[in-house]
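These are my notebook entries on a structure that I had not examined before. I record below what I looked up, entry by entry.

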Amino acid sequence: MDVQRKLEILADAAKYDASCASSGTEKRDSSDGKGMGSTAPGMGICHSYAPDGRCISLLKVLLTNACNYDCLYCVNRASSNVPRARFTVDELVKLTLDFYRRNYIEGLFLSSGIIRSPDYTMEQVVSVARKLREEHHFRGYIHLKTIPEADDALIAEAGKYADRLSINIEMPEETSLQQFAPEKDVRAIRRTMGRLRLKLDEAEEDRNAKTKAKPQRFAPAGQSTQMIVGADAASDQTILHTSANLYGAYRLRRVYYSAFSPIPDASRALPLIQPPLLREHRLYQADWLMRFYGFDVAEIVDDSAMLPLDIDPKLAWALRHRDRFPLDVNRASREELLRVPGFGTKTVERIIATRRTTTIRLADLARLHVPRNKAMPFIVLSDHRPTPHRLDAVGLIERFKPKATQLGFGF
Ligand code: SF4
């Protein structure tokens, strides 16, 4: 099988992986005339192709889509009737360098089905990164998927070459993982996450220590994971609790939520249709609220345990807590401002900086890029106060919902 055909199969097989952000890595370039490629921290390299058109400029590919395991939700499972392919380490290294030279990509996202053994598979994945870095001085971005049961020494080596490492937690609950991926062991996944955290902490201590010794390098963009949404019955509340636990226990940089995609010849235990993509989007918004806005899970989801699909979770929270509004933008604390619908973290910083020298008025909101329609009922400014009882209006929520549109007839 030629490399082009392998690429078709193995890039297609990788499209279900949603870990495609590169923020947080170290700055590295080849301006010294040695090597090739660069990474710019915070540039957010994240383009590849997903079936629904989501962003994805990494070469996102599997080393092989053959797999010994039979995870029901996975198109690459052992019992799946799909064409199989496998790159050699050298083929993948050459492909990555060729694509980089042609300006197609800025880095590599590499995962793999498990063949022979976790150690053998991990050794192959690490070999690609090792060759790129040591033989070709590749300075682009590398994200490696780690195999949970792989030997510690291999994981440590992976961290030496990769910018980011990830291990998929796969399912929000242990029982679902047992049901859908019986060969996978949630304890092994968590153990590996714990080992990664220890190594990341050690590397950070090394960097902070004021010694002359070169600090050890270990995955400077940290670790991430992915959870499949909608393959099991787990509620958004359960999913967010699992994420909160993962962020707290393993200091993950990101949890990615991947809406379950129905696969060919699927098990009857799986749903026939994919959950609304909007559910995945709302989970990302809720995740953002936990990480940057000071919300905890109990505040984000109400008794229904599900996020509303028609409005975003921060607006939903504000409408459930109308007694806390309207908020005086010129006096409120940073924490309070972060809870105003339409106010992002940068907006809040700009508001705080601006009000040190001047009183914020209505006209200033446009300059601060605040979506006025969303924020106005919740804020007080020196020249704006929402009309009395406006916040209590039963129909207020309707104002924020997307407008209904007539379906087209296609002619
Ligand atoms: S181990 Fe990974 S590649 Fe293999 S079946 Fe499970 S999810 Fe798919």
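**Entry 1: helices α1 and α2**

I looked up how helix α1 (residues 3-13) packs on helix α2 (residues 89-101), and found an angle of about 85 degrees with the axes 12 Å apart. Angles of 65 to 115 degrees count as roughly perpendicular, which makes α1 roughly perpendicular to α2. In the contact (heavy atoms within 4.5 Å), Val3, Lys6 and Leu7 of α1 meet Glu91, Leu95 and Phe99 of α2. By class, this contact of α1 with α2 has four nonpolar, no polar and two charged residues. I note that Ala, Val, Leu, Ile, Met, Phe, Trp, Tyr, Cys and Pro count as nonpolar, Asp, Glu, Lys and Arg as charged, and the others, Gly among them, as polar.

**Basis of the entries**

The model is predicted: local features need pLDDT of at least 70, side-chain atom pairs count only at pLDDT 80 or more, and totals for chains, interfaces and linings use all residues. Residues are numbered from 1 along each chain as its sequence is written, and side-chain values use heavy atoms, with hydrogens and water left out.

**Entry 2: helices α6 and α7**

I next looked up helix α6 (residues 186-208) and helix α7 (residues 236-250), which pack at an angle of about 40 degrees with their axes 9 Å apart. That angle makes α6 oblique to α7. From α6, the contact takes in Arg190, Met193, Gly194 and Arg197, and from α7 Thr242, Asn245, Leu246, Gly248, Ala249 and Tyr250. I record four nonpolar, four polar and two charged residues in the contact of α6 with α7.

**Entry 3: the ligand**

Which residues are around the ligand? I found Cys67, Tyr69, Cys71, Cys74, Arg77, Gly113, Ile114 and Lys184, counted with a heavy atom within 4 Å of it. This shell divides into five nonpolar, one polar and two charged residues.

**Entry 4: backbone in two loops**

The peptide bond from Phe325 to Pro326 is cis, with omega near 0 degrees. I located Pro326 in the loop between α10 (313-320) and β7 (327-328). His137 is not a glycine, yet has a positive phi of about 50 degrees. I placed His137 in the loop between α3 (118-135) and β3 (141-145).

Key: Axes fitted to C-alpha atoms, helices over the stretch in contact; angles between N-to-C directions. Helix = DSSP H or I, 4+ residues; strand = E, 2+ residues; numbered from the N terminus. Parallel < 35°, antiparallel > 145°, perpendicular 65-115°, else oblique.
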